[in-house]
Amino acid sequence: MINGKLIINGREEASDRTIEVASPADTRVVLGSVPDATSVQVDAAVEAAATAFPEWSSRPLEERQGALLAAAGVIHDMIEEYVPLLSRENGKILEESKIDLEFASGICSYTAGISAETLADQEIRDTGGRTLIRRRPIGPVAAITPWNFPVVLSFMKLAPALVAGNTVVLKPSENSPLVLTEIIRALQQHFPPGVLNMVTGGDTVGETLVSHPLIRKIGFTGGIDTGRKVMTAAAQDIKRVTLELGGNDPAIVLDDLDLSPGTMRRIAKGAFGTTGQVCFGLKRIYVPTRIHDRFVEAFCSAVDEIVVGPGDDPRSTMGPLNNAQQKGMVEKIVEDARASGAIITTLGQRLDTAAWEHGHFMMPSVITEADPRLAVVEEEQFGPVVPVLRYDELDEVIRLVNQSQYGLAASIWTSDEERAFLLGRRLDTGSVFVNSHTFTSLDPRAPFGGAKRSGLGREFSPDSLHAYTELQTISRRTGPPGPPLS
Ligand code: NAD
């Protein structure tokens, strides 16, 4: 049992109310709890961050880099012990929990490594005088994260914010908070009190945090509707925001794709990885009519290999959904599709677990002959179900992808890489992957984020550091303008 605590100004605090964390694979099993922070505690955490800001931001960069590198080491050392717990509290399989923790450690060391170059001052000197352009930290940051990849999604905000000299109040999701709270607790030794605070609880805690007037920047990952609320709250004080929101990523299969089992397994992993609960998961598949039937047959064979069981059972290749609300939402989307005449093919192997009916399990399904106006095609299903849709003209698919409200990522599947890179330029999405659509598609050196309603701003890459700084220009210009304007 892990009973998490709030971290306010370097001290651990409880609250009168707690939220229990039950296993998604067997909801009778309680794994621990976290405090449901009061508004007074949220205020105290923000005030601690504001008080710690002047000292932390004026430290030499090397010291902040050192703290972040130490954090990378702490997380790295926790991986082996905490992977099973992360799978138990979240539902996802062991391999996915390991990715969550490894990426979190990696993003800390990567961000520390690029910070000197990215944050360096620029100076322009010419006959007209001298201009200094500097990046300075913004102030206390609110980092708000969801449950699907609770650790790495938190560190994608914490790492750039902290190394750039900001202080932080983190608000994890109450649906998978235990491993993350253990990590934040372990990291306190490397940061002065008040630099890295954490308040746990439900949506109200997030609301109170983002509307606090001392918060200057919000880094948020979650659903579009919540993102809209966060942006509205931010508007009051013109707070800076980075929003990573939902996606409805298409896979565009081209007519030259080899339909080998290996390729089909890669597409299945893109759609059913983390039980379909990945923001940039593959959520609809467009296939040329000419190869549609052969594709469906080969794809269903790959999906049928999926083994569904508790996330911490090494035999499972897909775990349960994270929570009852999510499962209910996905089941409704599938039932609506069935009622409209779509064909639902339920596949996969079920592990013999006594607790099946007490967990949020669902078998993977492939939907064919779906009306393109169905929610399973137009919305983010965030579960283990994917529609396969026919197309005749590639231009028509591009139009459908570009007119969608979502624009997180897309993938193109083909034997012709050059063709894919050209086609990718026509897609209105933040990322386009070629022949992959999983975590291996990501490159932390490249920006990641959404177009349209899928988000605002970018994480990863030097852009992630820019997002946690404010530009300032200091100049002495007494002569005529320098060469560019003269
Ligand atoms: P959610 O939007 O319900 O909650 C996310 C976080 O916001 C939680 O910590 C929640 O407590 C908090 N919150 C809720 N209401 C708030 C408010 N009014 N003000 C401030 N904070 C508030 O999302 P979820 O159900 O936890 O996660 C699933 C969603 O997250 C999906 O839509 C998924 O696509 C998206 N997501 C996006 C990315 C990305 O990088 N683009 C990554 C992972 C998940």
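From which domains does the lining of the second largest pocket draw at least three residues each? From domain 1 (2-245 + 450-473) and domain 2 (249-441), with bounds taken from an automatic or database domain assignment.

A word on the ground rules: this is a predicted model, where local features need pLDDT of at least 70, side-chain atom pairs count only at pLDDT 80 or more, and totals for chains, interfaces and linings use all residues. Residues are numbered from 1 along each chain as its sequence is written, and side-chain values use heavy atoms, leaving out hydrogens and water.

**Exercise 1.** Describe the second largest pocket.

*Step 1.* A pocket is an open set of points on a 1 Å grid over the protein atoms alone, where a 1.4 Å probe fits, with protein on both sides within 12 Å along at least five of seven lines; lining residues have an atom within 4 Å of a point.

*Step 2.* Its 13 lining residues include Arg265, Ala268, Lys269, Ile306 and Thr317, which lie nearest the centre.

*Step 3.* Helix H3 (94-119) and helix H8 (261-272) each give two or more residues; H8 gives the most, four. Helices here are DSSP runs (H or I, at least four residues), and strands are runs of E, at least two.

**Exercise 2.** Now describe the largest pocket.

*Step 1.* Of 41 lining residues, Phe220, Gly222, Gly223, Ile224 and Thr226 lie nearest its centre.

*Step 2.* Helix H6 (203-210), strand E11 (217-221), helix H7 (224-237) and helix H10 (324-339) each supply two or more, and H7 leads with seven.

*Step 3.* This lining, too, draws at least three residues from each of domain 1 and domain 2.
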